[in-house]
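The following exercises are to be worked with the sequence and the coordinates at hand. Each task is followed by a solution in steps.

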Amino acid sequence: MNLSDKLVTAADLQRNVEESIQQSPVIDVHTHLYPASFKGLCLWGIDELVNYHYLVAELFRSSSVSPEEFWKLSKSRQADLIWEALFVRNTPLSEACAGVVTVMVKLGLDPCQPNLRQAREYFAGLTAEKYIERVFSLANVKEIVMTNDPFNPAERTMWERNAPCPENFHRALRMDPILNDWGKAHTAMSAAGFDTSGDVGARTVSEARRFLEMWIARLRPVYLAVSLPYTFTYPDHSPRTRLLRELVLPTCQQHGIPLALMIGVSRAVNPTLRDAGDSVGYADTGSVERICLENPEVRFLVSMLSRENQHALCVAARKFGNLLPFGCWWFLNNPSIVREITSERLEMLGATTVPQHSDARILDQLIYKWAHSRRTISSALYESYARLLAEGYPLTRAQIDQDVERMFSGNFRQWVGSAARFAS
Ligand code: RAT
Ligand code: ZN
C-alpha cells in the first residue's frame, strides 16, 4: 500500500492538513509584483514594506501628521513615521502591521527595534534577483500573476523595451480605463496611433480591438482583468456594457482567455490618502450571473470586495460552471474573514475555487500573506475533513494533497488553459 493511501485518523488530521498546505507550492493568481528587470516598478525592502498603502491608511489613525505633510516627505522619512507610530508607540495588532512582523521574523530581523536602521542594513546587502529567489522559496510560491497595465506609461515603456520577464511571472492584461474611464483610454489609444474617439462607435471599437490584440500578442496574458465599482450593473445603457459586449467579451472568446472581474471598490472616498483612499460598497451579484449566462463560452474569474457579497457569489458559482470565485480581496484579507469565506466556499463549492491570492505590491509581502493565508485555510479545511471523519468517511493523505493542489494551483492552471502562454 502506498504511504499516501494510508487512512488519516482524527488524531493525525490536523498535522496532515497543515503539512499538505505548507508543502503545496502556490500559483499566486493576483499580485502587483514585477520582475527585477522592471526597475522602479519591482518594489522590495523595508522602506517599501512599511510604506504599504494599507499601513499608510492606519498611520493617520495614530499620528497627528496630515496627509499633505506626509506626502511631502521622502520615502524613508515616511517609513520612519509609520514605524514610529504603528510599531513603536503602538502594538502592531492589525493584519497589515502583523504582516510586517511576520516578514521581519522570517528574515531574522528584530520587529521591536526603535528604528529601521538594522532592517535597512540587512536590505542594503541584497540584490533584487537574489531576494526574489529567497522570498519565493520562503513563501513557497512558484508562480505569480502580475497586473500589467498598458495605460501606465512607466510599465508600457518596459514592455516596449522588451525588459526580460521570467516565465513564472505570468502576465494579466488590466483594462480599467477601457471599462471605467473611456475618455482616458481613448486619449492613450489615440496617442499610440489608434483611431479611436470619445464616442464608442463601430470604428472606435475596431481600433480598440486592434489595441487589445497588440497587447495580447505582446504580453501573452493568462487573463484579461478589470476592477469594477460597487455600482457595476450588467447589462445597462452605458458605454461599459457596449465595450464589454462588442470589444472585451468577443476578444476573450476568440483567444480563449478568461476575464477576471474584481467588483466592489468605491474609489477615492478620501482622495487626500491617494492609493490608501479607496473604500468598499455592496455590489450586484445578479450582474455576475447575467454576464455568465450571456457568455457561456467565456470563463470568468470573479472576486468581490464586500463581505456581504460572498454568499451570493458562492450561490452564483453553483449555477454557472464558467464562474470561478477567487481570493479574499483587499479589505477581506484578514484572518477572521478569510476563515469565514473559505469555510463558506468549502461548504458550498467544495475544492472548486481559488481560495486566496496575495495582492502583494511589495515582494516581501508574499512571505506574510501566504504564511497567514496558509494558517487560516488550514483551519477551515481541517474542520471540513473533521466532519467527514466523524461520519466514518475513510480519508487518505492522497486526497488531502489532491484537494490542496487543486486549490493552490490546479484549478487556476486548468481555468487559464494549458496553452503555450502558460507553459511554466
Ligand atoms: O489591494 C490593493 O492593493 C488595492 O489597492 C488594489 O490594488 C486592488 O487589489 C486592485 O487590484 O485594484
Ligand atoms: Zn490588486
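Contact here means heavy atoms within 4.5 Å. The model is a predicted one.

**Exercise 1.** Determine which residues Asp 359 touches, leaving out those up to four places away in sequence.

*Solution.* Step 1: Asp 359 is located in the loop between α16 and α17. Step 2: applying the contact cut-off gives Asp 28, His 30, Thr 31, His 32, Tyr 52, Trp 329 and Trp 330. Step 3: two of these residues also make side-chain polar contacts with Asp 359, namely His 32 at 2.9 Å and Trp 329 at 3.3 Å.

**Exercise 2.** Identify the protein donors of the zinc ion (ligand 2) and their spacing along the chain.

*Solution.* Step 2: along the chain they follow the pattern H-x1-H-x326-D. Step 3: His 30 belongs to the loop between β1 (26-28) and α2 (46-50), whereas Asp 359 belongs to the loop between α16 (335-349) and α17 (365-390), so the pair ties together parts 329 residues apart in sequence.

**Exercise 3.** Are His 30 and Asp 359 buried or exposed, and which side chain of opposite charge is nearest to Asp 359?

*Solution.* Step 1: buried requires a relative accessible area under 20%. Step 2: His 30 has 3% and is therefore buried; Asp 359, with 6%, is buried too. Step 3: the nearest side chain of opposite charge to Asp 359 is Arg 361, at 5.3 Å. Step 4: a salt bridge needs a separation within 4 Å, and Asp 359 has none.

**Exercise 4.** Classify the aromatic pair of Phe 60 and Phe 70.

*Solution.* Step 1: a pair of aromatic rings is described by the distance of the centres and the angle of the planes. Step 2: the model contains 17 aromatic pairs. Step 3: for Phe 60 and Phe 70 the centres are 5.7 Å apart and the planes make 85 degrees, which is edge-to-face. Step 4: Phe 60 is in helix α3 (residues 53-62) and Phe 70 in helix α4 (residues 67-72), so the pair ties together parts 10 residues apart in sequence. Step 5: both Phe 60 and Phe 70 are buried.

**Exercise 5.** Describe the surroundings of Ala 139.

*Solution.* Step 1: Ala 139 is part of helix α8 (residues 128-139). Step 2: its relative accessibility is 3%, so Ala 139 counts as buried. Step 3: beyond four places in sequence, Ala 139 touches Leu 366, Ile 367, Trp 370 and Arg 374.

Technical notes. Residues are numbered from 1 along each chain as its sequence is written. Chains are lettered from A and ligands numbered from 1 in the order in which they are written. This is a predicted model: local features need pLDDT of at least 70, side-chain atom pairs count only at pLDDT 80 or more; totals for chains, interfaces and linings use all residues. Side-chain values use heavy atoms; hydrogens and water are left out. Donors are N, O and S atoms within 2.8 Å of the metal (3.2 Å for Na, K and Ca); water is not among the atoms, so sites may look incomplete. Helices (H or I, at least four residues) and strands (E, at least two) are DSSP runs, numbered from the N terminus. Buried means under 20% relative accessible area, exposed over 50%, partly exposed in between (1.4 Å probe, protein chains only). Lys and Arg count as positive and Asp and Glu as negative; His and the chain ends are not counted. A polar contact is a pair of N or O atoms within 3.5 Å; within protein, one must be able to donate a hydrogen and the other to accept it, and residues adjacent in sequence count only if both atoms are side-chain atoms. Rings of Phe, Tyr and Trp (its six-membered ring) pair if their centres lie within 6.5 Å; planes under 30 degrees apart count as stacked, over 60 as edge-to-face and the rest as tilted.
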